[in-house]
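I opened my notebook for a first look at a new structure. Come along and keep the model in view as you read.

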Amino acid sequence: MSKSIRKYLIAGNWKMNLNAAEGAELAAEVAALSGQQNTVGVAVCPPFPALASVAKAIEGSSISLGAQNMHYQPSGAYTGEVSAEMLRHHFCSYVILGHSERREFFAEDDAFINRKVKAALEANLRPILCVGETLAQRESDETIAVVKHQVEGGLAGVSKDAIDQVVIAYEPVWAIGTGKTATPEMAQAVHAAIRSIVADLYDATSAAKVRILYGGSMKPENAAELLAQADIDGGLIGGASLKASAFHEIVTAALA
Ligand code: PEP
């Protein structure tokens, strides 16, 4: 099955940057530049306090809204957390889950992330499940084993009906925010492996529908080559998503 059955997704992970007003300003620029077309899916994922202002700024454009995390419980005594329903109330369509910064700084493991993936799907939010190896793991040839473990753990109990709502982001940890990018060939090899892991878990048709994004220092200079790979269906963009013009150049590379 050809790549054309999958719509590219370019998602901006703003991380812990921009307040509500600054976020609205950037989102308005993104909407003006990248939000007047529907060929490529485009999403912005601001911090929680900027969700409302960003939702307003992208209204009427094709830009989707995403969050960067959530709790798996719908409500309750979980100080500091937000639920999937709360994100839906703010018009979120996506939620980034299992980002390596969550895994590293907040000790999130695959079982915990899996509960969030299932809760997101139940609330009609599309999880962007992040997986990826550290430099030490790559150097000791563990990349595919690590990614397999994270994909299987993150998707445990997700039904075949729901799998095409899941987006997977392959983000080698050593490439995030470092300026180091996996070569297109290195990234493609892992993306192909992820698609075959999904095929083994479900079937080839399901695997062919799942979007697999690359993340890790994707920028205008390297986006076209990465996005041209057979199993790379978009990008999860950190640093370069904080400038509407750079982000738009990546969207344009996906449009080409
Ligand atoms: C990310 O954190 O998801 C990311 C890909 O960051 P950067 O593009 O800055 O490497």
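Predicted model: local features only at pLDDT ≥ 70, side-chain atom pairs only at ≥ 80, totals over all residues.

Entry: Gly177 places a backbone N or O atom 2.7 Å from a ligand oxygen. At Gly239, I found a polar backbone atom 2.8 Å from an oxygen atom of the ligand. I then checked how covered the ligand is: alone it exposes 290 Å², and the protein buries 95% of that.

**Entry: the shell.** How many residues surround the ligand? I noted 14, and the closest are Lys15, His99, Glu171, Gly177 and Ser217. Sorted by class, this shell holds eight polar, four nonpolar and two charged residues.

**Entry: the largest pocket.** I looked up its volume and wrote down about 490 Å³. Its lining has 20 residues, and those closest to the centre are Lys15, Met16, Gln68, Asn69 and Arg102. Which helix gives the most to this lining? Helix α4, residues 100-105, does, with three residues. By class I recorded 11 nonpolar, five polar and four charged residues in the lining.

**Entry: aromatic rings.** My search of the whole structure turned up two aromatic pairs. In one of them, the ring centres of Tyr72 and Phe112 are 5.8 Å apart and the planes meet at 80°, so I logged the pair as edge-to-face. Tyr72 sits in the loop between β3 (63-67) and α3 (84-89), while Phe112 belongs to helix α5, residues 110-122. The two are 40 residues apart, and the pair thus links distant parts of the chain.

Methods:
Residues numbered from 1 in each chain as written. Heavy atoms only, no water. 1 Å grid on protein atoms, 1.4 Å probe; cavity = no way out; pocket = protein on both sides within 12 Å on 5 of 7 lines; lining within 4 Å. Points joined across faces, edges and corners; volume = space filled by probe spheres on them. Helix = DSSP H or I, 4+ residues; strand = E, 2+ residues; numbered from the N terminus. Nonpolar A, V, L, I, M, F, W, Y, C, P; charged D, E, K, R; others polar. Near = heavy atom within 4 Å. Polar contact = N/O pair within 3.5 Å; in protein donor to acceptor, adjacent residues only side chain to side chain. Areas by Shrake-Rupley, 256 points an atom, 1.4 Å probe, with all protein chains shown as cover. Phe/Tyr/Trp six-rings, centres within 6.5 Å; stacked < 30°, edge-to-face > 60°.
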